[in-house]
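Colleague: I would like to go through this model with you. Could we begin with one of the helices and then move on to packing and backbone geometry?

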Amino acid sequence: MAEIEFREAIRDALAEELERDERVVVFGEDVAAAGGVFVTTPGLFEKFGPERVFDTPISELALAGAAFGSAVCGLRPVIEIMFGDFLPLVMDSLVNQASKYFYISNEQASVPLVVRSAVGAGGRFGAIHSQSPVTWFQAVPGLKLVAPSTPSDAKALLKGAIRDDNPVLFLEHKRLYSLKEEVIGHGSEVIGLGSAAVRREGSDVTLVSVMKGVHDCLAAAELLASDGIDAEVIDLRTLRPLDRGAIAESLSKTNRLAAVEEGPRTGGWAGEVLAVAAEESLDDVDDLWRITTPEHPIPYSPTLEDAFLPGAEAIAASVRARLGVAAGRS
Amino acid sequence: MTRAQAAKPSAVPDREEALELYRRMLIIRRFEDTVQDLFLKGQVHGTTHLYSGQEAVAVGVCSVLAENDRVAGTYRGHGHALALGVEPQGLLDELLGRATGVCGGRAGSMNVIDLEHRLIGCFGIVGGSIAAATGAALALKREGGVAVAFFGDGATNQGYFHECLNFARVFRLPAVYVCENNLYGEFTPYEQVTAGEIRARAETLDISSQTIDGNDVFGVQAAAREAVDRARAGEGPCFIEALTYRYVGHSRSDPGRYRKPGELDEWRARDPLIRAREAIGDTAEVDRAVEAQIAQVIENALAAPFPSPDPDAREFKDG
């Protein structure tokens, strides 16, 4: 099977779900005629027409409100919020309405909507087009949070998100859009939300991340291998619900865990991972720590932004320091 | 029309239908009296926002809706719910936090949801009903349904109002936006915080708009019928500004000291129930029946069980 880009995986998932279920609709800013500013939706409008795929005003309150209300009344909307940094504008519909509906209605109905949004730094977009706003949403019961790292997962998880009866925030890292991969399972696989994946097996330390961070961890693991450190890499894939079992299982092998988050340390999801580790696996733990970004906004200048992000070198250096191993030992 | 103009008499439906509209308004009034009373006794918790005085708006509008239509109400939503036929028993039970409430005691006064009775929700965020109804209209467009949003004058200063009305007009959604202008956004006179005329905001979006006497249930019904028919026919959204007045404070903590002298009396003289009675004539039978019904509802509600804490309560449908 031919390799496809992450952005094509997104498009294929949308196309297949639009084809499969007529309740699915896709709308957002420039998603139809233009095919999406990150080229994730080309051809959908042409194939499914303006009732199923349409361009909206630049109007996030209306977009999210329309997604919520239509999901309550039988549609399965997938909306695109162009940059994750715009998500504060949809918070009321998502956090106050959609996520609480199932519970406060006494389970009369859930709200099957998906909000797709491009996130992540490294593109020189500056402080307010580069954030990965996971933790603004992680503390919201009733909302699922998906953060895929590969084209195969992006496709299978997006299909899973669309078929999920609950509101889902689906984050797409900008620096993964051009990542190519042969999509497994003939591309028809669907992954239910809430399970992590082991990307690399190892016995000395566990590196836990999502999205772009997974690739940085894998690169760091290669660097560490040359130092004689055998790192396991876990891709959480969804941040709510969190796969607590996967964290515990890995810790039982490695006894050391670093959570690598592209975001500030205070209140980040990495802290949640460490809390789970401490709560459930304290007997297995020799060390737990976080590798995150500094506590200031994301800078614009390439030199500043590159230094700001926890890349493979920084992750490897942190692991070496924590394990008391000098670089280039073997 | 302006507020100073006397309401022009509207076409009164036949006696049976007129009595039904009156009955629904009276149920709301007596229900709200009950809520106020139970609140003061500590039986209703948190806060309440009562619909007393505005009954003609919800009852008139909801009387023209079809089975596949949907409604989004506000945190002042008991009237919206009852006008749709939500059982007073289930609603009062909800307000008392009982297991038998329409949402099992999980929602409370401000967030009532009853899908069986076409109520997609009452929204505690000002303008939230506008968003919900706009989305509902997007879905209902496929099946010939119409979505109605009730909201107050205060919501017309929210982003939701401007964004959603634009959205609905652009996509010609079958939505009817009903602004209950009761003169005050919480404690503040609406003129003090609202630039220009409210109706003009909808008109400038090329949305068919009317300003009506919101205390005349028959007039509200006629205006709503016109708007709902237009929306259902695919002509896009409509906007109604219904001029009305709430008799009690914004919420429990508001004694209403901001009212202009004599204002409350003026509006009480235009009470929607009195005006309906004037048009209908004898309503004694309905009056007695509603009194008895609400008395029974109170008795049942106070005896209903409280929900037990549920350790298995779920956040997700598949959880």
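Predicted model: local features only at pLDDT ≥ 70, side-chain atom pairs only at ≥ 80, totals over all residues.

Colleague: Turning to helix pairs, how do H3(A) and H5(B) cross?

Modeller: Helix H3 (residues 60-72) of chain A and helix H5 (residues 128-140) of chain B cross at roughly 60 degrees, and their axes come within 6 Å. That angle makes H3(A) oblique to H5(B). The crossing is right-handed.

Colleague: Which residues meet there?

Modeller: From H3(A), A:Gly65, A:Ala66, A:Phe68, A:Gly69 and A:Ser70 meet B:Ala131, B:Ala132, B:Gly135, B:Ala136, B:Leu138 and B:Ala139 of H5(B). By class, this contact has seven nonpolar, four polar and no charged residues.

Colleague: What about H7 and H11 in chain A?

Modeller: Helix H7 (residues 212-225) and helix H11 (residues 312-323) of chain A pack at about 55 degrees with their axes 8 Å apart. H7(A) is therefore oblique to H11(A), and their crossing is right-handed. Among the contact residues are A:Ala220 and A:Leu223 of H7(A), with A:Ile315 and A:Val319 of H11(A). The contact of H7(A) with H11(A) has nine nonpolar, no polar and three charged residues.

Colleague: On to the backbone: where is A:Pro241, and is its peptide bond from A:Arg240 cis or trans?

Modeller: A:Pro241 is in the loop between strand S12 (238-240) and helix H8 (244-254) of chain A. The bond from A:Arg240 to A:Pro241 is cis, with omega near -5 degrees. Most peptide bonds are trans.

Colleague: What is phi of A:Arg237?

Modeller: Phi of A:Arg237 is near 65 degrees, a positive value in a residue other than glycine. A:Arg237 is found in the loop between strand S11 (231-235) and S12 of chain A.

Colleague: Is A:Arg237 buried or exposed?

Modeller: A:Arg237 is buried, because its relative accessible area is 9%, under the 20% cut-off.

Colleague: And B:Asp206, buried or exposed?

Modeller: B:Asp206 counts as exposed, at 53% relative accessibility. Phi of B:Asp206 is near 65 degrees, again positive, and B:Asp206 is found in the loop between helix H8 (198-203) and S7 of chain B.

Note on methods. Residues numbered from 1 in each chain as written. Chains lettered and ligands numbered in written order. Heavy atoms only, no water. Axes fitted to C-alpha atoms, helices over the stretch in contact; angles between N-to-C directions. Helix = DSSP H or I, 4+ residues; strand = E, 2+ residues; numbered from the N terminus. Parallel < 35°, antiparallel > 145°, perpendicular 65-115°, else oblique. Left-handed = near helix turned anticlockwise from the far one by under 90°. Contact = heavy atoms within 4.5 Å. Nonpolar A, V, L, I, M, F, W, Y, C, P; charged D, E, K, R; others polar. Buried < 20%, exposed > 50% of the residue type's maximum accessible area, 1.4 Å probe, protein only.
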